[in-house]
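Work through the exercises below with the sequence and the model at hand. Each task is followed by a solution in steps.

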Amino acid sequence: MKRFIFYLLLIGSTFAEPGDSVVRINSTLQNYNAAQPWEKNPPRTRKGLGVLLPEHQILTTAAMAADAIYIELKSADNTLNLPAKVVAIDYEANLALLAPDGDAGFLSDLEPAKLSEPVKPGSELSFYQLENNAESLETRGVIRSMELLSTFVPTGYFLGYVVKASMQTSDNSFTLPAFHKGQLAGILTSYNSKDQLCDVISIDIVKAFLKDNEDGSYQGFPRLGVGTTTTEDPHFRSWLKLPEDGGGLYISRVLPSGSAAKAGIEKGDVLLTVSGFQIDRRGYYTHPDYGTLFWPHLIKGASVLGQKIPIEILHQGTPKTLEVELVESPEPLLQDHGYDQAPPFLIKGGLVFQELSRGYLEAFGKDWTKRAPLNLLDVLSNPEDYEKQGRRRLVILTRVIATEATIGYDRLSSQIITSVNGQSIAGLPELAEVFKSTPSNGIHTIETDRIPYKIFLDEVLADKVDADFIQRGLPSLSRLYEVSQ
Amino acid sequence: MRILTRLLFAVFLPHVSLAQLQELNPVTQKPSLYDSVVKIEVATQSPDYRTPWNSGRFQGGTGTGFLIGPNQILTNAHVVSNARRVLITQRGSSQKHVARVKHIAHDCDLALVELQYFGPFEDLQHMELGGMPSLESRVSAIGYPVGGERLSVTQGVVSRIDFSSYSHSRADSHLVIQIDAAINPGNSGGPVIQDGKVIGVAFQGNNQADNVGYIIPTPVVNRFLKDIEDGSYDHYMDLGITPFPLFNPAMRSAVKMTESAKGVLVANVVPEGPADGLLERGDILLSIDDNPIDSAGNIRIGTEFVDMNEIVERKFAGDKVTFQLMRDGKEMTQEITLKAFPYSRIYSIRYEEKPRYTFFAGLVFQPLDLNLFASFSFENQRLRQLFTDYVSEGLFRKHEDIVVLTRVENDRLTTHMDKFRGLVVEQVNGEKIKNLRQLHECLNQENPPEFYEIRFSGAAVPLIIPSAEVASAQARISAKVGITKPSQLD
């Protein structure tokens with residue numbers, strides 16, 4: 001009976017029917033095994049919804065497409081399907097643009113959604129879900145607040161809406177489109193049933209993502225490349241010689257070769273304004289429409305790569321205004337994520353070498369910040385200490401497979417490689433290059449940061465063991481990549 | 001009730017030999033061996049490392065001890081650790097005699113206790129220490145465990161002789177005898193006898209196994225008794241090296257060893273340890289005191305292969321150890337004089353010590369050791385790494401104490417300082433902090449700087465305290481939190 005009333009309400013709605021632009025997305029995801037990088041973990045599936053945009057493109061979250069080996073689009077009534085490919089993806093912003101892999105099929109019969117004008121706190125959003133029998137369910141909610149939300153990659157914070165709504169379990173609900181007055185206004189990424197709150201990616205970020213891809217090559221969101229600390233503590237403020245009232249963020253870290261570094265911003269400077277907005281002591285500013293927002297939105301949401309923005313800082317007590325050009329960030333020593341990338345590895349005689357990544361550390365489980373080896377966690381918290389040593393990536397001996405060549409080494413793991421045969425190692429391809437020439441005594445010397453500090457490997461024996469590996473079903477002894485100069 | 005008692009006795013009867021039954025007979029006039037086994041009641045005061053200014057917890061417990069010489073009662077260190085009062089009761093008597101701890105060795109869990117007035121105990125036999133029992137031979141454990149008031153005897157066989165951990169200090173391993181008689185609370189410190197001689201001291205059980213008890217064998221007891229002959233206990237000695245087995249053919253060939261050659265690789269030498277400057281990374285140790293060392297670092301004693309450290313285990317401070325070794329293809333001899341290495345005690349639980357700390361304007365600083373680790377859950381990666389590498393990487397040279405900000409008491413001065421809790425102090429106003437006393441002095445200067453600027457390892461910003469506010473905050477917070485003493489530096 002209740003349901004009946006609900007549908008009556010739906011029919012009575014005066015807005016355009018957005019259900020016509022919604023498609024089902026079924027993704028099969030498969031990532032690599034962190035401990036045995038030559039093989040993949042078992043596949044998983046994710047079911048969500050996407051929204052049709054002009055030119056048969058479909059917008060959904062990056063979570064639906066990251067590590068996907070097969071993406072299938074299905075019509076709302078589950079009768080027609082179509083394979084899809086990824087056109088553009090941003091893991092930090094959690095957005096992906098898909099297109100049919102081949103013929104547009106049933107998409108030609110659907111009506112592309114229009115993009116809504118920016119919405120504000122207090123605006124009403126409606127979320128679309130599909131039932132198994134193709135009936136659509138609409139749930140309405142009001143935007144409680146606008147905040148910078150991290151919805152997929154833990155380090156990616158972007159403008160989003162927190163919406164109070166009471167959602168239900170339904171088919172394909174991993175990702176849901178949100179509409180405002182019949183036009184696409186965001187993408188729902190998660191729902192907390194206890195507090196009945198939804199996290200929604202904002203239309204502002206969706207539009208910036210689509211605009212970036214208009215020329216067919218997706219570049220990504222800009223970053224300032226700084227680490228900051230609040231200046232709430234009055235004693236800290238007076239030590240910095242900041243006035244008692246007023247704001248400012250202390251710059252505690254500057255990413256080498258990032259936008260801030262190139263503009264001359266230094267560690268110890270205090271960030272006062274960005275694009276004319278005052279930054280308070282906790283890092284917030286007042287957006288004319290959206291209310292209080294965290295400052296990175298001024299860079300990531302309100303600016304684009306290549307743009308020059310005015311930034312005011314306090315440098316050694318003197319105010320300074322800089323024109324900061326937002327440039328592409330340099331590749332970090334440790335990548336934030338490893339989605340859609342086959343992890344490089346090298347096996348030599350049973351020694352397994354990999355490049356250290358955040359993903360490798362996270363593979364130590366839920367408590368990885370406690371369980372992962374201390375020497376590797378140190379790299380994550382203090383990457384500068386390791387970048388200084390001329391490395392592009394950090395090569396580690398991740399494990400030792402018991403072979404004739406590795407007798408006595410079986411229990412070694414998580415050793416950072418400092419040099420091989422006297423040569424420093426900038427990355428895995430460089431390590432492979434060093435292994436190509438054998439020292440005159442036929443033994444490779446691998447120096448590491450932990451006991452026993454030196455590991456020796458017999459070239460002839462290692463070759464023999466490696467040949468055995470291939471015979472025993474290891475698909476390959478290495479997966480390397482080209483090093484761009 | 002009486003029937004029940006008899007039944008119980010009947011059940012236990014087959015385990016007790018005839019000779020012992022005679023000794024159990026109360027009409028025997030001459031004191032039996034069992035009479036030399038006494039009950040020890042201890043009242044303890046254990047410091048609380050979370051509130052180091054407080055008196056700590058007052059508790060108590062009982063254990064067993066036995067007479068080995070004139071006014072010399074041997075027991076476990078853990079029975080009398082942190083003792084404030086020790087009382088001894090003779091078998092079959094209810095009179096409690098005041099005693100005190102004369103020597104205590106936490107690393108081998110042994111202690112020697114003496115009575116205030118030895119008179120009433122003068123007639124008792126002194127129990128004689130024997131040697132190592134053989135596997136499968138029968139032994140009896142005597143003591144005052146839980147489950148009754150009177151003396152208890154359990155029998156078992158020697159099931160294993162091993163090098164294993166001593167849980168009292170949480171850091172030490174020595175020779176251990178495992179028997180299949182259960183060792184229960186209260187048994188601790190009691191003698192385990194065979195043919196009328198003591199072959200060990202009952203000391204710990206195993207929660208993961210049934211009917212397993214562990215005893216400290218006489219070589220360990222004799223070493224303790226010898227160590228204290230000069231009036232003080234000096235601890236076990238350690239070489240301060242990390243050996244790495246030389247099994248790998250490529251590694252052997254790289255260090256120029258023939259196929260049949262023996263010897264173990266030195267992978268690390270602890271800076272300022274006994275071997276520093278005498279042994280080097282990459283040395284191959286061939287023999288220790290003329291005992292050939294194999295590729296795994298073991299030597300042969302009699303028919304058993306044991307770790308080469310067994311040689312060091314039996315030695316004392318000032319004793320020498322001679323190594324035959326290979327360095328850069330040349331054979332040489334090095335003589336190492338053993339010495340105490342107090343820095344390694346950071347990894348042991350400490351007893352009898354007052355926790356050190358300094359309290360400054362709402363901040364509590366304490367030096368890191370295992371006691372502190374057991375009381376707080378530290379997660380900071382820099383702190384954990386400093387602790388792990390403290391000895392092996394010689395970090396004690398930079399940080400004699402690893403000084404940690406353990407508490408931030410809530411106050412208007414400290415409102416924004418909680419983020420620094422659990423971090424290691426690196427500098428105060430540019431001065432590198434090596435130990436707690438130095439930190440205390442830096443924070444209590446006669447002419448203070450305008451701001452105290454405390455920098456922590458791995459933290460992006462310093463903690464700032466305006467010196468003008470220190471005195472009032474110190475008084476205000478001390479009074480509210482109940483800190484009666486601002487520091488304990490020794």
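## Exercise 1: Where two chains meet

The side chains of A:Lys370 and B:Glu379 form a salt bridge, with 3.6 Å from N to O. This is a predicted model.

Task: state how many salt bridges and how many residue pairs in polar contact are counted between chain A and chain B, and describe the contact around them.

Solution. 

Step 1. Take the charged pairs. Four salt bridges are counted between chain A and chain B. The N to O distance of 3.6 Å between A:Lys370 and B:Glu379 is within the 4 Å that a salt bridge requires.

Step 2. Take the polar pairs. There are 16 residue pairs in polar contact between the two chains, both residues being at pLDDT 80 or more.

Step 3. List the elements on the side of chain A. At least two residues each come from α3 (234–239), β14 (249–254), α7 (368–371), α8 (374–381) and β27 (454–458) of chain A.

Step 4. Count the residues. Chain A brings 37 residues to the contact and chain B brings 33 residues.

Step 5. Give the area. The size of an interface is often given as the accessible area lost when the parts come together. Chain A and chain B bury about 2,900 Å² between them, and 61% of this is on carbon and sulfur atoms. Of the area that chain A buries against chain B, 24% is supplied by A:His235, A:Trp239 and A:Leu374, more than by any other three residues.

## Exercise 2: Domains of chain A

Task: name the domains of chain A, then describe the interface of domain 1 and domain 3 of chain A.

Solution. 

Step 1. Read the assignment. Chain A is assigned domain 1 (1–221), domain 2 (226–325) and domain 3 (345–479).

Step 2. The C-alpha centres of domain 1 and domain 3 of chain A are 41 Å apart. In the contact, eight residues of domain 1 of chain A meet 13 residues of domain 3 of chain A.

Step 3. Give the area. Domain 1 and domain 3 of chain A bury about 810 Å² between them, with carbon and sulfur atoms giving 64%. A:Ala34, A:Pro37 and A:Trp38 supply 69% of what domain 1 of chain A buries against domain 3 of chain A, more than any other three residues.

Step 4. Check for charged and polar pairs. Zero salt bridges are found across this interface of domain 1 and domain 3 of chain A, whereas four residue pairs are in polar contact there (both at pLDDT 80 or more).

## Exercise 3: The nonpolar cores

Task: find the residues with the most contacts inside the largest nonpolar core, and say where this core lies.

Solution. 

Step 1. Recall the background. In soluble globular proteins, nonpolar side chains tend to be buried together.

Step 2. Find the centre of contacts. The largest nonpolar core has 61 residues, and A:Leu59 and A:Phe127 have the most contacts inside it. Helix α2 (residues 203–212) of chain A gives the most to this core, namely five residues.

Step 3. Locate the core. Because domain 1 (1–221) and domain 2 (226–325) of chain A both give residues to it, this core lies between them.

Step 4. Look at one member. Beyond four places in sequence, the residues that A:Phe127 touches include A:Leu137, A:Val163, A:Met167, A:Leu188 and A:Val200.

Step 5. Follow B:Leu439. Helix α9 (residues 436–443) of chain B has six buried residues out of eight, and B:Leu439 is one of them.

## Exercise 4: Backbone exceptions

Solution. 

Step 1. Most residues other than glycine have a negative phi, and most peptide bonds are trans.

Step 2. Take A:Ser257. Its phi is positive, about 65 degrees, and A:Ser257 sits in the loop between β14 and α4 (259–262) of chain A.

Step 3. Take B:Arg170. Its phi is also positive, near 65 degrees, and B:Arg170 sits in the loop between β8 (152–166) and β9 (172–179) of chain B.

Step 4. A:Pro452 is in the loop between β26 (443–448) and β27 of chain A.

Key:
Residues are numbered from 1 along each chain as its sequence is written. Chains are lettered from A and ligands numbered from 1 in the order in which they are written. This is a predicted model: local features need pLDDT of at least 70, side-chain atom pairs count only at pLDDT 80 or more; totals for chains, interfaces and linings use all residues. Side-chain values use heavy atoms; hydrogens and water are left out. A nonpolar core is a set of buried Ala, Val, Leu, Ile, Met, Phe, Trp, Tyr and Cys residues joined through side-chain atoms within 4.5 Å. Buried means under 20% relative accessible area, exposed over 50%, partly exposed in between (1.4 Å probe, protein chains only). Helices (H or I, at least four residues) and strands (E, at least two) are DSSP runs, numbered from the N terminus. Domain bounds come from an automatic or database domain assignment. Contact means heavy atoms within 4.5 Å. Buried area is the accessible area (1.4 Å probe) that two parts lose on being put together, summed over both. A polar contact is a pair of N or O atoms within 3.5 Å; within protein, one must be able to donate a hydrogen and the other to accept it, and residues adjacent in sequence count only if both atoms are side-chain atoms.
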